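Hello,

Here is the structure for your files. My notes follow below it.

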Amino acid sequence: QVQFVESGGGLVQAGGSLRLSCVASRRTFTGEAYGWYRQAPGKQRESLAVITSDGRTNYVDSVKGRFTISRDNDKTTVFLQMNSLKPEDTAVYYCNARNFVVGSITYGPWGQGTQVTVSS
């Protein structure tokens, strides 16, 4: 079963940028999609972005145009470039293997996540 380790979070001012990384414990397979999620205090985990092995992407409206998901050529790392950050982006960010269409269908255990805090 694939496992993930997220990193790259931190404290940033509103309008700033961060780049998150998610390293998979094994090379990803053709057909697998990977996504970024976040969970703010007192809220449910929400799906933000997804990328397929052939590079197709999709985003939730709240981050569209600000966040970009990508993966490296070896397909062991998934990235999330976050620009124009807002205080409401404050959350713990996670990645996982997932169904491309249904974000709630995930295939790996949840990692520790990486904390992103955006100050106003």
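Which residues form a disulfide, and how far apart are their sulfur atoms? They are C22 and C95, with the sulfur atoms 1.6 Å apart; a disulfide here is a pair of cysteine sulfur atoms within 2.5 Å. C22 belongs to strand β3 and C95 to strand β9, so the link ties together parts that are 73 residues apart in sequence. Strands are DSSP runs of E, at least two residues long, numbered from the N terminus. The link of C22 and C95 is right-handed, with 55° about the S-S bond. A search of the whole structure gives 1 disulfide. Both C22 and C95 are buried, meaning under 20% relative accessible area with a 1.4 Å probe, protein chains only.

Before the rest, a word on the source. This is a predicted model, in which local features need pLDDT of at least 70 and side-chain atom pairs count only at pLDDT 80 or more, while totals for chains, interfaces and linings use all residues. Residues are numbered from 1 along each chain as its sequence is written, and side-chain values use heavy atoms, with hydrogens and water left out.

The sheet: 6 strands form an open, mixed sheet in the order β2-β10-β9-β4-β5-β6. Two strands pair if DSSP finds at least two bridges between them. The edge strands, β2 (10-13) and β6 (57-59), each pair on one side only. β5 and β6 run antiparallel and are joined by 3 bridges; V50 stands opposite N58 in β6.

Regards

Technical notes
Helix = DSSP H or I, 4+ residues; strand = E, 2+ residues; numbered from the N terminus. Buried < 20%, exposed > 50% of the residue type's maximum accessible area, 1.4 Å probe, protein only.
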